[in-house]
Amino acid sequence: GYEYQGNNGRLVITNLTDRCYMTLTMAMHLKKGGAPQGPAGTGKTETVKDLGKNLAKYVVVFNCSDGLDYRSLGRMFSGLAQCGSWGCFDEFNRIEVEVLSVVAQQISTILSALME
């Protein structure tokens, strides 16, 4: 849900963060998800967290590893959907390809439900 975090500091706004904000807010408007990508240490996670804070959305950051299976990710998705929070999955590329196939179907189901 919505939770006021107070008047906290802001992330430095650059052309790249501005473009990321615009892309992610357009994706939200279209009831889609977003997946910022780029080199390590460029502020992808902090940008998503800052956008969530500005929109009064709680952002839960998950550090992914090759040990995650589709059941664990499904429980994460279920919890996020039930409380209305955003999920930020760091190192998503570490998840095994077989698991990503099922996860893609899970995300597709969630996005289809949002469209209705």
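In the predicted model, the residues that line the second largest pocket divide into six nonpolar, nine polar and two charged. This pocket has a volume of about 350 Å³, and of the 17 residues in its lining, Leu16, Cys20, Pro36, Gln37 and Lys44 are the closest to its centre.

The largest pocket has a volume of about 1,500 Å³, and its lining is made up of 39 residues, of which Gly33, Gly34, Gly87, Cys88 and Phe89 lie nearest the centre. The elements that give two or more residues to this lining are the helices α1 (15-29), α2 (44-54), α3 (70-83) and α4 (97-115), together with the strand β2 (86-90). By residue class, the lining of the largest pocket divides into 20 nonpolar, 12 polar and seven charged residues.

Within helix α2 is found glutamate 46, which has a relative accessibility of 40% and therefore counts as partly exposed, since this class lies between the limits of under 20% for buried and over 50% for exposed residues. The side chain of glutamate 46 makes a polar contact, at 3.3 Å, with the side chain of lysine 49. Glutamate 46 can also be placed relative to cysteine 88, from which it is 42 residues apart in sequence and, C-alpha to C-alpha, 9.9 Å apart in space.

Methods: Residues numbered from 1 in each chain as written. Predicted model: local features only at pLDDT ≥ 70, side-chain atom pairs only at ≥ 80, totals over all residues. Heavy atoms only, no water. 1 Å grid on protein atoms, 1.4 Å probe; cavity = no way out; pocket = protein on both sides within 12 Å on 5 of 7 lines; lining within 4 Å. Points joined across faces, edges and corners; volume = space filled by probe spheres on them. Helix = DSSP H or I, 4+ residues; strand = E, 2+ residues; numbered from the N terminus. Nonpolar A, V, L, I, M, F, W, Y, C, P; charged D, E, K, R; others polar. Buried < 20%, exposed > 50% of the residue type's maximum accessible area, 1.4 Å probe, protein only. Polar contact = N/O pair within 3.5 Å; in protein donor to acceptor, adjacent residues only side chain to side chain.
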